[in-house]
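Subject: Structure for you to look at

Hello,

Here is the structure I said I would pass on. Please open it first, then read the notes below beside it.

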Amino acid sequence: MNKVILITGASSGFGQVIAEKLSKSGNTVYGTSRNPEKYPEPKNYKLLKFDITSFKESKKLVEKIVSENERIDVLINNAGIGFTGPIEEILIKDIKRVFDTNYFGHIDIVQSVLPIMRKNKSGLIINITSIAGYQGIPFGSIYSASKASMEYLGEALNMELNKFRIRVVNIAPGDYKTNIIYNRNDTNLSKNSPYYNVYKDCIDQWSLNMSRSRNPIEVANLVEKVIKSKNPKIHYIIGPFLQKISVFLKKILPEKIYQRLLMNHYKL
Ligand SMILES: NC(=O)c1ccc[n+]([C@@H]2O[C@H](COP(=O)([O-])OP(=O)(O)OC[C@H]3O[C@@H](n4cnc5c(N)ncnc54)[C@H](OP(=O)(O)O)[C@@H]3O)[C@@H](O)[C@H]2O)c1
């Protein structure tokens, strides 16, 4: 493979592992970080300064890559943040920040990349969504909603771009051991909050599960497989068996039974 690949959020977690893997396979890889100076310079790829929520930088970022390579073959929309909180107590400004990062920022970069992909009549856009985007997760509602929004965006975009020979693929991972738990934004609740205990137990359990979760190389392997595939699917789901099966169960179980299972799981 010798593709020109742009990955947002390559300083950590999935993005970093994907960037390392794809650059070692012979691709020209550009990753991004808000603060690349904080990290050791990667050996095989470039880490460019970019904040996906700035809505000003994406055109310049794309122009730089195109001036060096004349094309961008693959865009991997990966940058993202975790966020939790009971809906009643979440601040609207925090919701906007999550959506700016996990949704609007990706639309902005897609809009900047598409003219060059259309000109070249080829391209692949991979959205790193989440199994959380397939269901409303208690105390994870805003994150779930941002990821569900990316799922629908990807589906629609794939059809809009079909005639330009540009494919869009959504990869929805379950829990993987990245830095997302440390970078996650949790809502501060007062001890008097009616949600305090149940919310605290829930996020403590999440953090524990995430710290024991799987190796992100699995997702990097899947990304490479998708890039190599002549005819990739639109959706991929990857992760622990129980999380993958939950997507299927939601389709076949009566909805109240499915919610009861989720509530038991989250001890609500
Ligand atoms: N880990 C999981 O279990 C899991 C499961 C499903 C989906 N995901 C999704 O996978 C993606 C990667 O997450 P991760 O788990 O690898 O987490 P991570 O280790 O915290 O990495 C997040 C990456 O996003 C970048 N980022 C965050 N805010 C940004 C902004 N405003 N502008 C540009 N870049 C920004 C960070 O770069 P800087 O901080 O250097 O800017 C970092 O490189 C996210 O979209 C996440 O929702 C993760």
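Is glutamate 224 buried or exposed? With a relative accessible area of 10%, glutamate 224 is buried, because buried means under 20%. Please keep in mind that this is a predicted model.

**Helix H7**

Glutamate 224 lies in helix H7, as does lysine 228. The two are four residues apart, about one turn of the helix. In general, an α-helix has 3.6 residues a turn, so residues three or four places apart point the same way. Glutamate 224 and lysine 228 form a salt bridge, in which the closest N and O atoms are 3.9 Å apart. A network of salt bridges links Lys228 and Glu224 with Lys21.

The length of H7 can be checked by hand. H7 has twelve residues, and at 1.5 Å a residue they should span 16 Å. The C-alpha atoms at its ends are 16 Å apart, so the two values agree.

Besides Glu224, the buried residues of H7 include Val219, Ala220, Leu222, Val223, Val226 and Ile227. The buried residues of this helix pack against several strands, namely E1 (4-7), E4 (74-77), E6, E7 (166-173) and E9 (235-238), and against helix H1 (13-24).

Valine 223 and valine 169 are 54 residues apart in sequence, but their C-alpha atoms are 9.7 Å apart in space.

**The second largest pocket**

H7 also takes part in the second largest pocket, where it gives three residues to the lining, the most of any element. The elements that give two or more residues are H7 (217-228) and strand E6 (123-128). The pocket holds about 340 Å³ of space. It is lined by 14 residues, and those closest to its centre are Lys3, Gly123, Leu124, Arg167 and Ser229. By class, the lining has six charged, five nonpolar and three polar residues.

**Other salt bridges**

The count of salt bridges comes to ten. Two more of them are described here.

Arginine 97 pairs with aspartate 94, with 3.4 Å between the closest N and O atoms. Both are in helix H3 (residues 92-119), and because they are three residues apart, about one helical turn separates them. Aspartate 94 counts as buried at 14% relative accessibility, while arginine 97, at 34%, counts as partly exposed.

Arginine 214 forms a salt bridge with glutamate 218, and here the closest N and O atoms are 3.1 Å apart. Arginine 214 has a relative accessible area of 34% and is partly exposed. Glutamate 218 is partly exposed too, with a relative accessible area of 27%.

**A glycine in H3**

Glycine 105 is also found in helix H3. How much relative accessible area does glycine 105 have? The value is 0%, so glycine 105 is buried. Leaving aside neighbours within four places in sequence, glycine 105 is in contact with Ile52, Phe55, Phe99 and Asp100. Glycine 105 and alanine 19 are 86 residues apart in sequence, and their C-alpha atoms are 20 Å apart in space.

**Two positive phi angles**

Glutamate 70 has a phi near 65°, a positive value in a residue other than glycine. Its place is in the loop between helix H2 (58-69) and E4. Glutamate 70 is exposed, with a relative accessible area of 65%.

Lysine 121 has a phi near 50°, again a positive value in a residue other than glycine. Where is lysine 121 found? It is in the loop between H3 and E6. At 55% relative accessibility, lysine 121 counts as exposed.

Regards

Notes
Residues numbered from 1 in each chain as written. Predicted model: local features only at pLDDT ≥ 70, side-chain atom pairs only at ≥ 80, totals over all residues. Heavy atoms only, no water. 1 Å grid on protein atoms, 1.4 Å probe; cavity = no way out; pocket = protein on both sides within 12 Å on 5 of 7 lines; lining within 4 Å. Points joined across faces, edges and corners; volume = space filled by probe spheres on them. Nonpolar A, V, L, I, M, F, W, Y, C, P; charged D, E, K, R; others polar. Expected span 1.5 Å × (residues − 1). Buried < 20%, exposed > 50% of the residue type's maximum accessible area, 1.4 Å probe, protein only. Contact = heavy atoms within 4.5 Å. Salt bridge = Lys/Arg side-chain N within 4 Å of Asp/Glu carboxyl O.
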